[in-house]
Amino acid sequence: MTEPPRPPGSGEPGNYPPEPTSPGPYPSAEPPTAPLSGAPGPAGYPPAGGYPPPTGDQPPSGGYPPAGGYPPPGGYPPGGYPAGGAYGGPGGGYANNEDKTWALVAHFGGALGALISFGPLGFVAPLIAYLARGQQSPTVRAHALAALNFQILWSIIAFVLLFVSWCLLFLPSIAVVVIQILFGIIAGVKANEGTPYRYPMTANFIK
């Protein structure tokens, strides 16, 4: 004989309410297989925060050396730059601008004197430079003597040819004047750069 159905809510034989889980060594949210705190995580990686701090031999993040580890720009050591005043005076080996001016007067003045006088007076400007500044400055003396010796020789030649060239249409005199002007300008350019110029075709009348 079958048992009649029981009303809803009535318990069946053997159906008891679930018993609460007794507290154990693991919390209910953490499965028993979870790794312990500080133990390596999955795939052998340590948990967050478990990496050892970087040693002092390792560079900071990004691979750049620490601040202050770069040498000064250009590779010069601190304090290795020349101090103020260590550089020379006016360029080209002149002690001052006055010496340079007189050296230019000797060379360019010789060329200008030869142009104005058509040759014979090319020595005047170098002679003035020699007398005015040559005794005070060895540099000016060297430039003035070089120009003076050159211009004296060619001034004599120009003076002689002035008388001879009357019947030759002044061609020799023109050639002499061109030589005086040309080499006087070349020597002046070299003097402006600070380089003594050795005149070609010259003589040492004054030493």
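Guide: Start at Phe-205, which is found in the segment after α4 (171-192). One caution: this is a predicted model.

Visitor: Let me step back. How many helices and strands does the protein have?

Guide: Count the elements before the details. There are four helices and zero strands. Along the sequence the pattern reads α-α-α-α.

Visitor: What share of the residues is buried?

Guide: Of the 207 residues in the protein, 24% are buried. The protein exposes about 14,600 Å². Carbon and sulfur atoms supply 67% of that area.

Visitor: Which kind of side chain tends to be buried together?

Guide: In soluble globular proteins, nonpolar side chains tend to be buried together. Now the case here. The largest nonpolar core has 15 residues. Those touching the most other members are Ala-106, Ala-144, Phe-150, Val-176, Phe-183, Tyr-197 and Tyr-199.

Visitor: Which elements give two or more residues to this core?

Guide: They are α2 (124-133), α3 and α4. Helix α3 gives the largest share, with seven residues.

Visitor: How many aromatic pairs are there?

Guide: Look for two rings with centres within 6.5 Å. By this rule there are four aromatic pairs. Take Phe-150 and Trp-154. Their ring centres are 6.4 Å apart and their planes make 45°, a tilted pair. Both residues belong to helix α3 (residues 138-164). They sit four residues apart, about one turn of the helix.

Visitor: Are Phe-150 and Trp-154 buried or exposed?

Guide: Phe-150 has a relative accessible area of 0%, so Phe-150 is buried. Trp-154 stands at 10%, and also counts as buried.

Visitor: Why is the pair of Phe-150 and Tyr-199 called stacked?

Guide: Check the angle between the planes. Under 30 degrees counts as stacked. Here the planes meet at 20° and the centres are 4.3 Å apart, so the pair of Phe-150 and Tyr-199 is stacked.

Visitor: Which parts does the pair of Phe-150 and Tyr-199 tie together?

Guide: Phe-150 lies in helix α3, and Tyr-199 lies in the segment after α4. The pair therefore ties together parts that are 49 residues apart in sequence. Tyr-199 counts as buried, because its relative accessibility is 5%.

Visitor: Which residues do the ring pairs link into a cluster?

Guide: The cluster holds Phe-150, Trp-154, Phe-183, Tyr-197 and Tyr-199.

Visitor: What is Tyr-197 in contact with?

Guide: Leave aside its neighbours within four places in sequence. Tyr-197 is then in contact with Ala-146, Phe-183, Ile-186, Ala-187 and Lys-190. Now take contacts across the protein between residues at least 6 apart in sequence. Of these, 64% join residues at least 24 apart.

Visitor: How many salt bridges does a search of the whole structure find?

Guide: Look for a side-chain nitrogen of Lys or Arg within 4 Å of a carboxyl oxygen of Asp or Glu. The search finds two salt bridges. Arg-133 forms one with Glu-98, with the closest N and O atoms 3.6 Å apart. Arg-133 also meets Asp-99 in a salt bridge, at 2.9 Å from N to O.

Visitor: Which helices do Arg-133 and Asp-99 lie in?

Guide: Arg-133 lies in α2 and Asp-99 in α1, so their pair ties together parts 34 residues apart in sequence. Glu-98, Asp-99 and Arg-133 are linked in a network of salt bridges.

Methods
Residues numbered from 1 in each chain as written. Predicted model: local features only at pLDDT ≥ 70, side-chain atom pairs only at ≥ 80, totals over all residues. Heavy atoms only, no water. Phe/Tyr/Trp six-rings, centres within 6.5 Å; stacked < 30°, edge-to-face > 60°. Buried < 20%, exposed > 50% of the residue type's maximum accessible area, 1.4 Å probe, protein only. Core = buried A, V, L, I, M, F, W, Y, C linked by side-chain atoms within 4.5 Å. Contact = heavy atoms within 4.5 Å. Areas by Shrake-Rupley, 256 points an atom, 1.4 Å probe, with all protein chains shown as cover.
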